[in-house]
Amino acid sequence: MAALATTGTQLALPVQLPDDALFTTFEEGNNSELIATLKALLSVQTQTPLLYLWGRTGCGKTHLLHAACTAASQAGQQVMYIPLRELTDTAHISLLQGLDNYDLVCLDDIDAVTHSAVWCDALFALYNRLSDSEGCRLLISARNSASAIEVALPDLRSRLQAAAPYAIKLLSDEAKVKALQTHAEARGLQLEGEVGHFMLQRLSRDMHELMTVLNRLDKASMAEQRRLTVPFVKKTLSI
C-alpha cells in the first residue's frame, strides 16, 4: 500500500482504504475510551490534536488509523495516511511535505523510521508545521510507547512523549471470535462460534493473521459455494 491522500471522499491515489476497516468493525474490548477519543479527534474543535497509539503487532493499530481516515474522509475532510514501515527509504521523506494543508494526518508505524536521524529531522519539522496549522490533527502509531522506541533526535522524542498516549489493549479470545464474526458478516459470511474458536485453537491468535486467513476462507467459500464449517476450514487450510 502506498501513501493515501484524500480530498473529501475521493482518493487522490489509485489505492483504496480497506472497506472493512471501520470503527464499526473494530471489536472494542477494553478500548472503548480510545475509540471515543479517536472519534472526538475527527472534530476540528478537538482539544487533543495529537494522539499516539501503541501496541504489539496485530492489536489493531492500522485498522484504527484506516477507520479514522475513512470517517474523516466521509465527513468531507482532507486526509493523508502514510504507512511508514513500507516507506523506510529516505527517498520517501518528500511525502511529509505539504501535510499542514490536511485536516488529519496519520503516520502508521513511526518507530520503523525514528532510528534514522534524517527521518527524525523531517518528522520534527512536520510536527512543528502541524502545530502552527490551525485545525490539523496528527494520529501516530508504533509498537511501543514513545519512551521505549528508538528515536535518533531527542527533541522529536519529547514531542512524541507530549502526545496523548493510548496503549491498545489486547482482546480476549471471546472478543477475537466476535471480531472474526463481525468481519465475516461484513463479507456476507456466517461464522459460527464453534468455527471461530477452532481457528483460535489451531491458528495464530494474532488478529492481523486471523483476518488474512478469513480473507482466504472468504475466497474459497465463494469459489466452492460452501459455508464456513469446521470441516471446510480444515480442508481449506490443510490443518
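I looked up the sulfur of cysteine 69. The closest cysteine sulfur is in cysteine 106, 3.6 Å away, which is too far for a bond. I took a disulfide as a pair of cysteine sulfur atoms within 2.5 Å. By this rule I count zero disulfides. Cysteine 106 is likewise in no disulfide.

I keep in mind that this is a predicted model, where local features need pLDDT of at least 70, side-chain atom pairs count only at pLDDT 80 or more, and totals for chains, interfaces and linings use all residues. Residues are numbered from 1 along each chain as its sequence is written, and side-chain values use heavy atoms, without hydrogens and water.

Next I checked burial (under 20% relative accessible area, 1.4 Å probe, protein chains only). Cysteine 69 is buried, at 2% relative accessibility. Cysteine 106 is buried too, at 0%.

Then I searched for cavities. I used a 1 Å grid over the protein atoms alone; a cavity is a set of points where a 1.4 Å probe fits but cannot get out, and lining residues have an atom within 4 Å of a point. I found one cavity of 30 Å³ or more. The largest cavity has a volume of about 60 Å³.

What lines the largest cavity? I listed Leu50, Leu107, Ile110, Leu123, Leu126, Tyr127, Leu138, Ile140, Leu156 and Leu160.

Which element gives the most to the lining? H3 does, with three residues. Helix H3 (117-132), strand E6 (137-142) and helix H4 (154-162) each supply at least two.

Technical notes: Buried < 20%, exposed > 50% of the residue type's maximum accessible area, 1.4 Å probe, protein only. 1 Å grid on protein atoms, 1.4 Å probe; cavity = no way out; pocket = protein on both sides within 12 Å on 5 of 7 lines; lining within 4 Å. Points joined across faces, edges and corners; volume = space filled by probe spheres on them. Helix = DSSP H or I, 4+ residues; strand = E, 2+ residues; numbered from the N terminus.
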